[in-house]
Amino acid sequence: MEQQKTNYGNWISLTLLRILYGTSAVLLLLFALSFVWPRLVAVTIFMGIVAAAMLAMSVYMHVCHHEFSFEGGRLMSKFHDFLMEHLDWDGHGTLLDIGCGSAALSVRCAKEYPEAQMMAIDYWGFGWDYAKAQCERNAAIEGVDGRIRFEKGDASKLDFVDETFDAAVSNFVFHEVRTQPDKRQVVREALRVVKKGGCFAFQDLFPKKQLYGNMEEFVAQLRAEGITEIHYIANVEQMVLIPTYMRAPWMMAEIGIIYGRK
């Protein structure tokens, strides 16, 4: 019997690649058709430049897709490794994965903490090629389905009472939350459901001032609000082995992690 394979998807979705390559094909066709009107040289040159630029972007994103892949460059896995290294938890109790996507990090946590129970939530919005059924299938293949529950949820308003979980993790999710423009409030909402004394590790685009403002100031505010222990590391992309060509503003730049104990 053929062994089933997990499908953890990719941070650059196949849907996005299809759109990019499809747009490139249309632009190349228009470029070819522009030769029918030889007097419109400027139009032909313009279409050629645009088509070449779109094709180059498509190839670039395809290469990045390979780097992110769990079967390729394993960059997604490396970021999970970094996050887990900063979660100082004994693995007893319950853990919440906020924005679980395809359940890659949820499954990783279940394997790391075999005595713990996991709750994983995600909005599973359009364009990410992720779904609840996919998460459940991945967990079943990995043999941890009995310890992970998956539910649809909104990170800006978690459907749990205060201090529900012994630990919480989130990886590159908070900046994507459309229902709360103030990303600091998304962090506070995540911390709300962690028990006093519980652990947390959140990785996101924290150094981006347009999203989080001054992070040192924010961390100080969280301490003043009662977080017992909190640490902040900026520019994680310089610590994880990311290819130089991927350290671009639209790709893997300005990454940070906050972690500690509530």
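## Helices α6 and α8

In this predicted model, helices α6 and α8 make a right-handed crossing (the near helix is turned clockwise from the far one by less than a right angle; anticlockwise is left-handed). Helix α6 covers residues 183–192 and helix α8 covers residues 215–224; helices here are DSSP runs of H or I with at least four residues, numbered from the N terminus. Their axes lie 12 Å apart and the packing angle is about 35° (axes are lines fitted to C-alpha atoms over the stretch in contact, with angles from 0 to 180 degrees between N-to-C directions).

On the α6 side, Arg184, Val187, Arg188 and Leu191 make the contact (heavy atoms within 4.5 Å). Glu217, Phe218, Gln221 and Leu222 supply the α8 side. By class, the contact of α6 with α8 has 4 nonpolar, 1 polar and 3 charged residues (nonpolar: Ala, Val, Leu, Ile, Met, Phe, Trp, Tyr, Cys and Pro; charged: Asp, Glu, Lys and Arg; polar: the others, Gly among them).

## Helices α3 and α4

Helix α3 spans residues 75–85, and helix α4 spans residues 104–112. Their axes come within 11 Å and cross at roughly 50°, so α3 and α4 are oblique to each other (angles under 35 degrees count as roughly parallel, over 145 as roughly antiparallel, 65 to 115 as roughly perpendicular and the rest as oblique). The crossing of α3 and α4 is right-handed.

From α3, the contact residues are Ser77, His80, Asp81, Leu83 and Met84. Facing them from α4 are Ala104, Leu105, Arg108, Cys109 and Glu112. The contact of α3 with α4 comprises 5 nonpolar, 2 polar and 3 charged residues.

## Helices α1 and α2

Helix α1 runs over residues 14–33 and helix α2 over residues 41–68. The two axes come within 8 Å and cross at roughly 160°; α1 and α2 are therefore roughly antiparallel to each other. Their crossing is left-handed. The contact of α1 with α2 contains 17 nonpolar and 7 polar residues, and no charged residues.

## Basis of the values

Residues are numbered from 1 along each chain as its sequence is written, and side-chain values use heavy atoms, without hydrogens or water. Local features need pLDDT of at least 70 and side-chain atom pairs count only at pLDDT 80 or more, while totals for chains, interfaces and linings use all residues.

Definitions and conventions:
Helix = DSSP H or I, 4+ residues; strand = E, 2+ residues; numbered from the N terminus.
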